[in-house]
There are 2 protein chains.
Amino acid sequence: MDSEPDGKPRRLTRAEAKARTRRLLLDAAARTFARKGYAGASVEEIAEAAGYSIGALYSNFGGKEELFIELMVGGAKARVERGRRIVAAVQDGTEEPEQALGRFFMEAADKDDDLPLLQAELWLYAMRNPRLKEALAEAQREPQAALEALMEPVLERVGAAGAVPPSAVATVASAMFQGLLRQRRLDPPSVPDDLLRQAMRWLFTGIANTPGPSAEEPS
Amino acid sequence: MDSEPDGKPRRLTRAEAKARTRRLLLDAAARTFARKGYAGASVEEIAEAAGYSIGALYSNFGGKEELFIELMVGGAKARVERGRRIVAAVQDGTEEPEQALGRFFMEAADKDDDLPLLQAELWLYAMRNPRLKEALAEAQREPQAALEALMEPVLERVGAAGAVPPSAVATVASAMFQGLLRQRRLDPPSVPDDLLRQAMRWLFTGIANTPGPSAEEPS
DNA sequence: GTCTATATGTCGATAGAC
DNA sequence: GTCTATCGACATATAGAC
């Protein structure tokens, strides 16, 4: 029942079927790792959630850890892609820099409820496995670069371009965002809806009015 | 070799011995949970690290989870105590508010290398156990109040007292601190030594120069 | 109070049928 | 390619000796 009489390609080649299985297993792994934790999630649970058996999982991945690592690189790639699209929208003039920056964070926050859980799991795992620590740091460098690119026009707006390294601002903004997101998950009333926006405004206003460590000459 | 000839009390009463065992077990649990994670740490490992056996652990605690929860409340109590001492130093005039604020964060960062790991574990565990989520949120409210008390004199310094709720500033500062600490653990060069200080300066300068959401009248 | 021994269960990973 | 059956390792928690 695999071959079709006409010249069209079969419904699914073997490679396509395997790719589909891999994708379903990865999605299920992301959900399961987020809900139960890396150590707490069993491969049987993951396979079941994907609609497959343990055997299928081991036929497509080397094991539990390999599954986890692929989630890490996959997530980083997705964030880079998202960053690129937003930067493009700014350069095309489709979107204002501040809006774009807010969208960059908000999309990450709203899109996926258990992304923060998965990221915390990845961070902890990386802290305990020096090999993966370097890999995770490297994986974050690309999305970080995208955020920097988004940061530059915003710094120009507030008149602080050149006065401060965009990478430092990107790091601080990202840390603030992730910290607030986690606190909001733990205790929503302590982080009102507009606190993130407010905090970003404070940050950029502060940058615009703070003289650098090495005093730059006034124009 | 247990009894002493003089009239002094015995070296250790039974209650004292038990309290000592509890403390040693809790210390070992903190280290082990931080290094291996909650699910990854075994009670046997914890008992061994404390120099006891599994039986001693179960004689002093209800089980693995109870040990974990006691670490949560114990950590919160320690932070409250630390906050109180620092606030007292400010009110006594022993220390400047900004220095005190910096010390509040730096002590937390330097004192204990695996505190961030333990906190990440606690947060994840709380996210997955609604019962403990409320408990952890509640446990954080006291240290948060201490941080707010420390924040007020700093806000006065920058001339923003009354213009902005100290609780919001405390929340943002804490989020920024924790986010930067985690990023520094993952990739030290991306978070230079003075970035935290710099970020705090940006934040307070920004607060001093940002009009509130409801514009307050100029003095 | 603390230890040793063990009951009971679940895990990751593999082998072989289909 | 995927499934079922299973092995060996290790987990939590308990029971009884001391």
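A polar side-chain atom of B:Ser53 lies 2.5 Å from a phosphate oxygen of DNA strand C. This is a predicted model: local features need pLDDT of at least 70, side-chain atom pairs count only at pLDDT 80 or more, and totals for chains, interfaces and linings use all residues. Residues are numbered from 1 along each chain as its sequence is written, chains are lettered from A and ligands numbered from 1 in the order in which they are written, and side-chain values use heavy atoms, with hydrogens and water left out.

**DNA strand C**

- The protein surrounds DNA strand C with 15 residues, where near means that a residue has a heavy atom within 4 Å of the molecule or strand. The closest are A:Val43, A:Tyr58, A:Lys64, B:Thr21 and B:Ser53.
- Of the DNA strand C atoms that come within 4 Å of the protein, 73% belong to sugar and phosphate.
- A:Val43 uses its backbone: one of its polar backbone atoms is 2.9 Å from a phosphate oxygen of DNA strand C.
- B:Thr21 uses its side chain, with an N or O atom 2.6 Å from a phosphate oxygen of DNA strand C.
- Three helices each supply at least two residues of the surface near DNA strand C: H3 (54–60) of chain A, and H1 (14–36) and H3 (54–60) of chain B. Helices (H or I, at least four residues) and strands (E, at least two) are DSSP runs, numbered from the N terminus.
- H3(B) gives the most to this surface, with 4 residues.
- By class, the surface near DNA strand C has 6 nonpolar, 7 polar and 2 charged residues. Ala, Val, Leu, Ile, Met, Phe, Trp, Tyr, Cys and Pro count as nonpolar, Asp, Glu, Lys and Arg as charged, and the others, Gly among them, as polar.

**DNA strand D**

- Around DNA strand D there are 14 residues; A:Arg14, A:Thr21, A:Ser53, B:Val43 and B:Tyr58 come nearest.
- Sugar and phosphate make up 76% of the DNA strand D atoms that come within 4 Å of the protein.
- A:Ser53 has a side-chain N or O atom 2.4 Å from a phosphate oxygen of DNA strand D.
- A polar side-chain atom of A:Arg14 is 3.1 Å from a phosphate oxygen of DNA strand D.
- For B:Val43, a backbone N or O atom lies 3.0 Å from a phosphate oxygen of DNA strand D.
- Helices H1 (14–36) and H3 of chain A are the elements that give two or more residues to the surface near DNA strand D. H3(A) gives the most, with 4 residues.
- The surface near DNA strand D has 5 nonpolar, 7 polar and 2 charged residues.

**Annotated region**

- UniProt lists residues 42–61 of chain A as "DNA-binding region", in an unreviewed entry. UniProt positions are given in the numbering used here, feature names are shortened, and annotations may be inferred rather than shown by experiment.
- Over residues 42–61, chain A is 75% helix and 0% strand. The end C-alpha atoms are 14 Å apart.

- B:Thr21 lies in helix H1 of chain B. B:Thr21 counts as buried because its relative accessibility is 10%; buried means under 20% relative accessible area, exposed over 50%, partly exposed in between (1.4 Å probe, protein chains only).
- Leaving aside neighbours within four places in sequence, B:Thr21 is in contact (heavy atoms within 4.5 Å) with B:Tyr52 and B:Asn60.
- B:Thr171 is in helix H8 of chain B. With a relative accessible area of 6%, B:Thr171 is buried.
- The side chains of B:Thr171 and B:Gln144 make a polar contact at 3.3 Å. A polar contact is a pair of N or O atoms within 3.5 Å; within protein, one must be able to donate a hydrogen and the other to accept it, and residues adjacent in sequence count only if both atoms are side-chain atoms.
- Beyond neighbours within four places in sequence, B:Thr171 is in contact with A:Leu180, A:Gln183, A:Ser190, A:Val191, A:Leu195 and B:Gln144.

**Aromatic pairs**

- There are 14 aromatic pairs over all chains. Rings of Phe, Tyr and Trp (its six-membered ring) pair if their centres lie within 6.5 Å; planes under 30 degrees apart count as stacked, over 60 as edge-to-face and the rest as tilted.
- The ring centres of B:Phe33 and B:Phe68 are 5.0 Å apart and the planes are at 70 degrees, so this pair is edge-to-face. The pair links helix H1 to helix H4 (residues 64–91) of chain B, across 35 residues. Both B:Phe33 and B:Phe68 are buried.
- B:Phe105 and B:Phe177 form a tilted pair, 4.4 Å centre to centre with 35 degrees between the planes. B:Phe105 is in helix H5 (residues 97–111) and B:Phe177 in helix H8 (residues 166–186) of chain B, 72 residues apart. Both B:Phe105 and B:Phe177 are buried.
- In chain A, one aromatic cluster is formed by A:Phe33, A:Tyr38, A:Phe68 and A:Tyr125.
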